[in-house]
Amino acid sequence: MKKQFWPLILILILTVAASVGCGDSGYADEEFSVLAVQVGKADALILYTGDSCVLIDTGEDGDADKILSELERLGKKRADAVILTHFDKDHIGGADKILAGLEVGRVIMPDSRENSADYRELISALDKAGIKPEMPAEKTEFTFGGAKYEVYPSEKESYEKDSDNNISLVTFVSYGETRFLFAGDAEGERLDEIMSLGDISCDYIKLPHHGGYNKRTESFLTAADPEYAVITDSGKKPADSRTEGVLYRLGTEIYSTRNGNVLAVSDKKTVRIIQ
């Protein structure tokens with residue numbers, strides 16, 4: 001008799017294990033996940049639900065294969081949108097290969113120009129894909145997979161200081177009662193613009209400019225007051241210790257892609273982090 005029960009027991013064990021694995025990977029239909037991919041001091045974030053996928057930035061030129069591999073592992077053959085925060089090579093370098101290797105619904109990027117090889121490759125890839133990029137002059141909203149996206153462009157076309165970074169698009173994502181903030185490489189004046197939006201509190205923040213520090217950092221992070229902070233840095237180029245110090249004082253849990261991919265999962269009420 002005992003031998004007859006073993007197949008049923010094995011099936012039960014495998015079923016439970018699979019369900020746990022799906023939850024931890026953000027695969028469940030009722031969950032929203034953010035995967036910060038380990039690509040050194042560069043940004044590559046995959047935001048997804050069971051039936052949606054959005055990318056924020058695409059790392060450097062050599063990172064595209066890893067990003068595409070992660071998308072394949074997640075079963076994502078299409079991106080509803082690609083948000084390119086600004087045109088530095090560590091944010092758009094992989095965009096041309098991503099656009100060539102993935103079906104993309106829309107591309108959202110700043111209304112600006114850049115004299116660089118990566119930017120020219122991006123424009124060429126957009127032309128080949130037949131995509132006309134959206135360059136918002138004001139807040140743009142859309143919803144995918146039950147997650148509401150709010151994309152805020154910079155208030156100026158250029159800035160006296162750190163203009164390349166301060167044109168960064170900033171994105172808030174709300175999923176149920178949870179809120180995520182993606183700050184590109186915003187610095188100084190741009191952080192003031194974000195704070196002027198009003199309530200910027202969030203459960204999760206992708207730190208601006210790889211955890212860099214400036215005179216607005218403390219007030220900005222205090223206003224955001226995140227439960228979790230993710231830093232896209234590397235062992236060779238780590239975040240500023242002063243930024244980490246602010247987060248420690250706020251009681252924020254800090255995660256860094258220098259230690260591997262960072263996965264955040266929301267069930268609409270709470271966020272959990274897996275690394």
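Entry 1. I looked up Asp233 and recorded it as buried, at 1% relative accessibility; buried denotes under 20% relative accessible area, exposed over 50%, and partly exposed in between, with a 1.4 Å probe and protein chains only. The model is predicted, so I note that local features need pLDDT of at least 70 and side-chain atom pairs pLDDT 80 or more, while totals for chains, interfaces and linings use all residues. Residues are numbered from 1 along each chain as its sequence is written, and side-chain values use heavy atoms, without hydrogens and water.

Entry 2. I then examined the partner of Asp233. Its side chain meets that of Arg258 in a salt bridge, at 2.2 Å from N to O. Asp233 lies in the loop between β13 (228-231) and α9 (241-250), and Arg258 in the loop between β14 (253-256) and β15 (262-266), 25 residues apart. A salt bridge requires a side-chain nitrogen of Lys or Arg within 4 Å of a carboxyl oxygen of Asp or Glu. Helices (H or I, at least four residues) and strands (E, at least two) are DSSP runs, numbered from the N terminus.

Entry 3. I found Arg258 partly exposed at 30% and Glu244 buried at 15%.

Entry 4. I checked Asp80, which forms a salt bridge with Arg78, the closest N and O atoms being 2.9 Å apart.

Entry 5. I recorded a network of salt bridges linking Lys139, Glu141, Lys148 and Glu150. The count of salt bridges came to 18.
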